[in-house]
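Subject: Structure handover

Hello,

Here is the structure I promised to pass on. Please open it alongside this note, which walks through what turned up.

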Amino acid sequence: MSAEPQKTFYLETFGCQMNVHDSEKVIGTLISQGYRQVSTVEDAGLILYNTCSIRDKAEQKVFHRLADYKKLHAQGKKFGVLGCVAQQEGEKIFERAPYVSMVCGSASYRNLPQMLIQVEAGKQRVTGLDDRETDECFETEFTARTNPHRGYITIIEGCDKFCAYCVVPFTRGKERSRTSDSVLAEARQMANLGYSEIQLLGQNVNSYKDSSGKRSFAELLAAVSETPGIKRVRFTTSHPRDFGRDIVQAIESAPTLCNHVHLPVQSGSTRILDAMQRLYNRDQYLERISWMKAAKREISITTDVIVGFPGETEADFDETLSLLDEVGYDSIFAFKYSPRPNTPAVHLADPISDQEKSRRLAVLQDKQKQIQTHLNHRHLGQTLEVMVEGKNETRKQWIGRTSQNKVLNFTTNSDPAVGSYVQVKATIIFPNSLAGEMVV
Ligand code: SAH
Ligand code: SF4
Ligand code: F3S
């Protein structure tokens with residue numbers, strides 16, 4: 001009697017680090033249910049997309065994929081849509097793509113095993129959708145992390161901030177934190193498996209509230225950084241409103257806490273910040289920056305910016321440009337405003353043309369490139385510790401990453417192991433990276 005063919009799945013992930021890490025947990029869950037992951041849609045029985053809807057372009061990607069692969073349905077393959085588009089569009093996805101048999105938002109992943117059984121049994125419209133009610137986090141023992149040296153731990157899920165432009169509070173449910181003990185247990189487990197870098201994740205890590213009441217976010221950072229075997233701890237994303245001085249103090253006192261803070265500002269204009277409902281003004285944001293600039297360790301600061309929010313005048317935009325000069329970011333992620341379903345800003349008149357948004361984006365990026373090139377020069381001649389991430393064979397260069405999250409490529413005659421830490425002297429400066437030689 002021949003063995004039953006093994007169930008196979010293909011999973012493609014879009015979006016942020018939270019989605020990437022959710023996919024690692026989903027993959028682990030599927031494997032625990034007897035599935036095998038394959039790398040092409042052709043080889044898969046079940047095709048899954050873990051989707052992002054932060055901007056319209058991101059959302060459209062999944063519908064293009066579904067349209068491209070529609071023909072595979074005729075071969076008996078099944079489709080599932082997970083993540084933020086799944087939660088946002090819900091059952092409407094079945095109308096748009098009737099061959100999809102499962103739609104599941106991130107707050108329902110703990111129900112995936114039962115949902116998969118229904119899909120396998122041939123049920124047509126299996127759903128796992130959240131109504132912003134759940135208090136549970138998706139904790140699983142089956143996480144299939146892809147990188148053996150550096151790994152994510154989600155500490156807080158959802159978001160209660162409701163910034164006027166943002167879908168996340170609707171797609172990821174209400175804010176809920178894990179207990180600090182459970183986070184620390186996962187950190188120890190990862191250290192035992194050989195991980196040396198941990199990145200703590202949440203849409204707004206600063207509003208972390210230990211449900212056991214034991215530790216503040218800064219205390220959790222300190223505790224994770226003391227995990228034996230862990231050499232680097234990162235955290236993202238910080239929200240300026242909840243960013244306290246104690247976080248800067250934690251970074252000052254723990255060398256394992258990376259000296260890098262990603263603090264999205266979105267706009268340099270208080271008027272626009274107000275319209276965005278960001279809950280801080282330009283001065284309050286700059287106060288947080290001054291705490292970091294006064295720190296004993298040099299902290300690298302990066303940010304996110306949205307250009308062309310409804311009502312953004314040339315004068316507002318100029319304030320964003322001047323903020324870049326004032327702060328001196330090591331890098332920025334900049335986006336054109338994209339109107340999103342369910343969000344309050346979608347009802348605002350949006351008279352700024354796409355062409356004008358593109359112009360502002362280009363001006364902003366151009367300015368930032370000059371700032372970055374200038375700022376990176378401070379590293380010239382410095383010897384910095386990097387984690388070895390791999391090798392670029394064509395360029396005969398090793399790829400390294402500094403504590404400040406900068407790429408520092410280097411040459412050496414030795415053969416450093418991926419995941420090891422080595423000292424590199426920076427000798428060449430580019431806008432987006434550094435290059436140098438390993439110091440022996
Ligand atoms: N929680 C983080 C942001 C997560 S989304 C925070 O509060 O900062 C990542 C980035 O996408 C945001 O910082 C913002 O710059 C951008 N973004 C979110 N919604 C957007 C929209 N509707 N249009 C354009 N950019 C958007
Ligand atoms: Fe979106 Fe604002 Fe929440 Fe960040 S804090 S995820 S921008 S609503
Ligand atoms: Fe996208 Fe959802 Fe992350 S909308 S950015 S995948 S939280």
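This is a predicted model: local features need pLDDT of at least 70, side-chain atom pairs count only at pLDDT 80 or more; totals for chains, interfaces and linings use all residues.

The crossing of H11 and H12 is right-handed.

**Helix H11 against helix H12**

H11 covers residues 282–293, and H12 covers residues 314–327. Their axes are 11 Å apart and meet at an angle of about 15 degrees. That angle makes H11 roughly parallel to H12, because angles under 35 degrees count as such. On the H11 side, the contact is made by Arg282, Tyr285, Leu286, Ile289 and Lys293. H12 brings Glu319, Ser322, Leu323, Glu326 and Val327. By class, this contact of H11 with H12 has five nonpolar, one polar and four charged residues.

**Helix H12 against helix H13**

H12 also packs on helix H13, residues 354–376. Here the axes come within 10 Å and cross at roughly 15 degrees. H12 is therefore roughly parallel to H13. This crossing is right-handed. From H12, the contact uses Glu314, Phe317, Thr320, Leu321, Leu324 and Asp325. From H13, it uses Glu356, Arg359, Arg360, Val363, Leu364, Lys367, Gln368 and Ile371. The residues split into six nonpolar, two polar and six charged.

**Helix H7 against helix H8**

Now go back along the chain. Helix H7 spans residues 180–192, and helix H8 spans residues 217–225. Their axes come within 10 Å and cross at roughly 25 degrees. So H7 is roughly parallel to H8. The crossing of H7 and H8 is right-handed. Ser180, Val183, Leu184 and Ala187 of H7 touch Leu220, Ala223 and Val224 of H8. How many charged residues does the contact of H7 with H8 have? There are no charged residues in it; six are nonpolar and one is polar.

**Ligand 1**

Ligand 1 has 16 residues around it. Which of them come nearest? They are Tyr165, Gln203, Gln266, Asp304 and Ser338.

- Asp304: a polar side-chain atom lies 2.6 Å from an oxygen atom of ligand 1.
- Gln266: a polar side-chain atom lies 2.7 Å from an oxygen atom of ligand 1.
- Arg55: an N or O atom in the side chain is 3.1 Å from an oxygen atom of ligand 1.

Phe162 sits in the loop between strand S8 (156–157) and helix H6 (168–171).

The other detail is a peptide bond. Thr236 and Thr237 are joined in cis, with omega about 5 degrees. Where is Thr237? Look in the loop between strand S11 (232–236) and helix H9 (245–253).

Best wishes

Key. Residues are numbered from 1 along each chain as its sequence is written. Chains are lettered from A and ligands numbered from 1 in the order in which they are written. Side-chain values use heavy atoms; hydrogens and water are left out. Axes are lines fitted to C-alpha atoms, for helices over the stretch in contact, and angles run from 0 to 180 degrees between N-to-C directions. Helices (H or I, at least four residues) and strands (E, at least two) are DSSP runs, numbered from the N terminus. Angles under 35 degrees count as roughly parallel, over 145 as roughly antiparallel, 65 to 115 as roughly perpendicular and the rest as oblique. A crossing is left-handed if the near helix is turned anticlockwise from the far one by less than a right angle, and right-handed if clockwise. Contact means heavy atoms within 4.5 Å. Ala, Val, Leu, Ile, Met, Phe, Trp, Tyr, Cys and Pro count as nonpolar, Asp, Glu, Lys and Arg as charged, and the others, Gly among them, as polar. A residue is near a molecule or strand if one of its heavy atoms lies within 4 Å of it. A polar contact is a pair of N or O atoms within 3.5 Å; within protein, one must be able to donate a hydrogen and the other to accept it, and residues adjacent in sequence count only if both atoms are side-chain atoms.
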